[in-house]
Amino acid sequence: MMMPLDWDSIIFLSFACSSFLFIWFDTNAIYEYLKYFNLGGKFIHGYTDYRKKDFATLLFVPYLLVNYNCFFTRLICCAICINFWINLIVNLYCFSIYNLPFTFIFSLLIYYILIILKTLVEKK
């Protein structure tokens with residue numbers, strides 16, 4: 001028996017995951033919220049000190065990778081890895097696991113299209 005795919009859920013989850021990836025990797029929004037709510041401990045304080053230096057150019061995620069290089073930081077600093085785990089967890093709990101391959105690929109596709117558009121806009 002073939003399982004029907006829920007395309008509304010696939011599209012919704014793909015856009016939601018790609019939005020999260022874009023915010024996580026290409027902005028400092030997560031850092032700003034963690035700082036505002038006083039969460040994150042030494043990671044936030046270290047990044048705050050780093051930002052006070054002249055020529056501080058790294059966003060929060062690459063800063064974590066450079067200064068706290070362990071399995072967990074490599075996992076959350078890899079777009080493909082974190083996308084897979086987010087898609088897996090959300091599909092297991094909220095949607096159908098049969099949607100996983102589609103949501104995984106579509107969310108990465110949307111994310112990389114956003115990156116390309118961002119670089120095109122920044123060049124102008």
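Cys81 counts as partly exposed, at 29% relative accessibility. This residue belongs to a predicted model, and the values below are computed from that model.

Another cysteine, Cys94, is exposed, with a relative accessible area of 58%. Does Cys94 lie close to or far from the closest cysteine sulfur? The closest one is in Cys17, and the two sulfur atoms are 11 Å apart, which is too far for a bond. A disulfide needs two cysteine sulfur atoms within 2.5 Å, so the distance of 11 Å between Cys94 and Cys17 does not meet the cut-off. The structure as a whole holds zero disulfides.

**The chain as a whole**

The chain has seven helices and zero strands. Read from the N terminus, its elements follow the order α-α-α-α-α-α-α. The C-alpha trace spans about 60 × 35 × 25 Å along its principal axes. Of the 124 residues, 31% count as buried. The chain exposes about 8500 Å², and carbon and sulfur atoms supply 71% of this area. Among contacts with a separation of 6 or more, 59% are between residues 24 or more positions apart.

**Aromatic rings**

How many aromatic pairs does the structure hold? There are 18 aromatic pairs. One of them joins Trp7 and Phe106, a tilted pair with 6.3 Å centre to centre and 40 degrees between the planes. Trp7 is in helix H1 (residues 7–26) and Phe106 is in helix H7 (residues 100–123), so this pair ties together parts that are 99 residues apart in sequence. Trp7 is partly exposed, with a relative accessible area of 40%, and Phe106 is also partly exposed, with a value of 30%.

Tyr36 and Phe37 make an edge-to-face pair, because their ring centres are 5.0 Å apart and their planes stand at 80 degrees. Both residues of this pair are exposed.

One aromatic cluster is formed by Phe20, Trp24, Tyr31, Phe43, Tyr47, Tyr50, Phe60, Tyr63 and Tyr68.

**A nonpolar patch**

Which residues make the nonpolar surface patch of about 770 Å²? The patch is made by Phe84, Trp85, Ile89, Leu92, Tyr93, Ile97 and Tyr98. Ile89, one of these residues, is placed in helix H6 (residues 79–93). The relative accessible area of Ile89 is 45%, and the residue is partly exposed.

**A buried serine**

Is Ser107 buried or exposed? Ser107 is buried, with a relative accessible area of 0%. This serine lies in helix H7, the helix that also holds Phe106. With residues up to four places away in sequence left out, Ser107 touches Ser14, Cys17, Ser18, Asn83 and Asn87. Cys17, one of the residues touched by Ser107, is also the residue that holds the cysteine sulfur closest to that of Cys94.

**Accessibility of the residues discussed**

The table lists residues named above with their relative accessible areas.

| Residue | Relative accessible area | Class |
|---|---|---|
| Trp7 | 40% | Trp7 partly exposed |
| Cys81 | 29% | Cys81 partly exposed |
| Ile89 | 45% | Ile89 partly exposed |
| Cys94 | 58% | Cys94 exposed |
| Phe106 | 30% | Phe106 partly exposed |
| Ser107 | 0% | Ser107 buried |

The classes follow from cut-offs: buried means under 20%, exposed means over 50%, and partly exposed lies in between.

Methods. Residues numbered from 1 in each chain as written. Predicted model: local features only at pLDDT ≥ 70, side-chain atom pairs only at ≥ 80, totals over all residues. Heavy atoms only, no water. Phe/Tyr/Trp six-rings, centres within 6.5 Å; stacked < 30°, edge-to-face > 60°. Helix = DSSP H or I, 4+ residues; strand = E, 2+ residues; numbered from the N terminus. Buried < 20%, exposed > 50% of the residue type's maximum accessible area, 1.4 Å probe, protein only. Patch = residues over 30% accessible without salt bridge, like charges linked within 9 Å, V, L, I, M, F, W, Y side chains within 5 Å. Areas by Shrake-Rupley, 256 points an atom, 1.4 Å probe, with all protein chains shown as cover. Salt bridge = Lys/Arg side-chain N within 4 Å of Asp/Glu carboxyl O. Contact = heavy atoms within 4.5 Å.
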